[in-house]
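Thanks, everyone, for making the time. I would like to walk through one model this morning, and I will ask you to keep the structure in view while I talk.

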Amino acid sequence: LQSHHHYHHHHHQEELKQKTNYIEATMIPSPVFVKYDSALFDAIHRDVPTFLPQEDHKEAITWILSIAGAITLFHLVLLQMVKVWQGSKETTHATWKASYQLTNLLVNLILGCVGIYYQLFKIKSDEAILDRIVGNEHMMLFSAGQVGYQLWALPIGIIFVGETKSMIIHHVAVICVGSVTAFISSGFRYFTPYFYGVIEISSVPLSVMN
């Protein structure tokens with residue numbers, strides 16, 4: 001009986017091995033997904049908690065609120081400067097819009113420059129795939145920067161500037177995406193200096209055009 005059981009177990013293993021070999025042999029090579037990524041993804045889903053530790057959450061929230069507060073103060077200073085430049089005693093819609101666009105321009109420029117610095121000097125090109133997905137909590141600055149930035153832009157844009165629905169949806173979408181990289185373990189923070197930083201350089205000429 002034992003011999004019969006052993007034969008079936010061995011036969012099943014051989015079958016599984018043959019199937020695996022067939023799948024690997026017929027896989028189309030992909031420049032994005034490495035052949036064994038499925039096993040890595042399974043391990044991440046099985047072993048890595050969904051959310052980052054509470055200490056990281058507190059740090060992220062502190063950064064987000066601090067950045068939102070700093071941008072608000074910066075904007076209020078620019079608002080007064082624009083008012084003086086316009087020679088207006090009243091804070092008009094044009095004053096709000098000009099100071100809002102100027103704040104956008106400068107914040108995007110700062111995010112872009114910090115992103116370029118990180119991309120050139122801080123990012124390791126040989127970083128392990130697991131660390132690109134799960135690690136790099138020290139790069140939370142970019143996630144917090146984006147979420148804090150949108151938390152400032154959303155109320156100002158709705159109440160004082162009268163932004164379009166598409167821009168309001170954009171702000172909400174960035175808050176959602178930024179929150180994933182700020183609070184979720186598999187946050188792909190390795191890529192945030194580029195996608196939350198460097199890419200914002202393209203918004204600088206857009207702010208000028210607006």
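Predicted model: local features only at pLDDT ≥ 70, side-chain atom pairs only at ≥ 80, totals over all residues.

The largest nonpolar core has 22 residues, and those with the most contacts inside it are Ile 71, Tyr 100, Tyr 149, Trp 152 and Ile 156. As general background, nonpolar side chains tend to be buried together in soluble globular proteins.

Let me stay with Trp 152 for a moment. Which residues does Trp 152 contact, leaving aside its neighbours within four places in sequence? Its partners are Ala 68, Ile 71, Thr 72, His 75, Tyr 100, Thr 103 and Asn 104. There is also a second, separate core of six residues, and Ile 123, Met 139, Phe 142 and Tyr 190 are among them.

Turning now to α7, which runs over residues 165–183, its 19 residues at 1.5 Å a residue should span 27 Å, and since the end C-alpha atoms are 27 Å apart, the expectation and the model agree. Within α7, the buried residues are His 171, Val 174, Ile 175, Gly 178, Thr 181, Ala 182 and Phe 183. Seen down the helix axis, the buried residues of α7 fall within an arc of 160 degrees, so they line one face of the helix. In general terms, an α-helix has 3.6 residues a turn, so residues three or four places apart point the same way. The face of α7 turned away from that buried side carries Lys 165, Ser 166 and Ile 169, which are exposed, while the cover over the buried residues includes α3, α4, α6 and α8.

Even so, beyond its neighbours within four places in sequence, Lys 124 is in contact with Arg 132 and Tyr 190. Lys 124 and Tyr 190 are 66 residues apart in sequence, yet their C-alpha atoms are 9.0 Å apart in space, and Tyr 190 is one of the residues of the second core.

Finally, the cysteines: the structure holds zero disulfides. Cys 113 counts as partly exposed at 43% relative accessibility, and Cys 176 likewise counts as partly exposed, at 47%.

Notes
Residues numbered from 1 in each chain as written. Heavy atoms only, no water. Contact = heavy atoms within 4.5 Å. Helix = DSSP H or I, 4+ residues; strand = E, 2+ residues; numbered from the N terminus. Expected span 1.5 Å × (residues − 1). Buried < 20%, exposed > 50% of the residue type's maximum accessible area, 1.4 Å probe, protein only. Arc of directions from axis to C-beta. Disulfide = S-S within 2.5 Å. Core = buried A, V, L, I, M, F, W, Y, C linked by side-chain atoms within 4.5 Å.
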